[in-house]
Amino acid sequence: MKNFILITMLIFSSTLFAQKHKPLQGEIGFKKEERAKIEQLRKEYISAELNLTKQDSIKFWPVYDNFTKQFRSYKKEVRIKMKAISETENISDTEAEKLLKEVSEIEEKLTLLKVKSNKEIAAIIGYAKTAQIPEIERAFKKKLLQELKERRRN
């Protein structure tokens, strides 16, 4: 009887490890096609909320896409540096100080990037609409998350 239970447990446990690992949303993220579709929806949503004309859109999106690309790159660098600090158990003060300085430098670059981009975008669509962009981005993300939750439930 013990052998039967042992063999049964081995069979079931081996099938568990044989299952394909489906990554969680936060681990790897979306496929390229899904990402492209989300990006298209994001552009449509922002354009509609800002009431961009065709000519404004033509000038606005290359500048804003460049800003977004650089912003995400800097944020990724910050996450990597902060992760290195938090995952290292016995990090020395000098190593931690070096990493924190690097994070501060990246955050300064982020601030300069925001200032520069705000000026460029405001020259195209005006400061009033430029000031609305962060809130519109948050609203889009919130809407997207709600949509994903609804899909998971169904």
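Which residues gather in a patch of positive charge on the surface? The legends below start there; keep in mind that this is a predicted model.

**View A. A positive patch on the surface.** Here Lys-75, Lys-76, Arg-79 and Lys-114 gather in a patch of positive charge. Helix H3 (residues 54-87) supplies the largest share, three residues. Arg-79 is one of the residues found in helix H3, and with a relative accessible area of 54% it counts as exposed, because the cut-off for that is over 50%.

View B. Leaving aside residues up to four places away in sequence, Arg-42 touches Tyr-64, Thr-68, Arg-72, Glu-137 and Phe-140. Glu-137 turns up again in a network of salt bridges that links Glu-39, Arg-42 and Glu-137.

View C. The structure holds ten salt bridges, and one of them pairs the side chains of Asp-65 and Lys-43, at 2.9 Å from N to O. Asp-65 belongs to helix H3 and Lys-43 to helix H2, so the pair ties together parts 22 residues apart in sequence. Both ends are partly exposed: Asp-65 at 25% and Lys-43 at 23%.

View D. Lys-101 and Glu-97 both lie in helix H4 (residues 93-125), four residues apart, or about one turn of the helix. Their closest N and O atoms are 4.0 Å apart. Lys-101 is exposed at 51%, while Glu-97 is partly exposed at 44%. Further along, Lys-116 and Glu-120 are also four residues apart in helix H4, and their salt bridge has its closest N and O atoms 3.9 Å apart.

Notes: Residues numbered from 1 in each chain as written. Predicted model: local features only at pLDDT ≥ 70, side-chain atom pairs only at ≥ 80, totals over all residues. Heavy atoms only, no water. Contact = heavy atoms within 4.5 Å. Patch = residues over 30% accessible without salt bridge, like charges linked within 9 Å, V, L, I, M, F, W, Y side chains within 5 Å. Areas by Shrake-Rupley, 256 points an atom, 1.4 Å probe, with all protein chains shown as cover. Lys, Arg positive; Asp, Glu negative; His and termini not counted. Charge placed at Lys NZ, Arg CZ, Asp CG, Glu CD. Helix = DSSP H or I, 4+ residues; strand = E, 2+ residues; numbered from the N terminus. Buried < 20%, exposed > 50% of the residue type's maximum accessible area, 1.4 Å probe, protein only.
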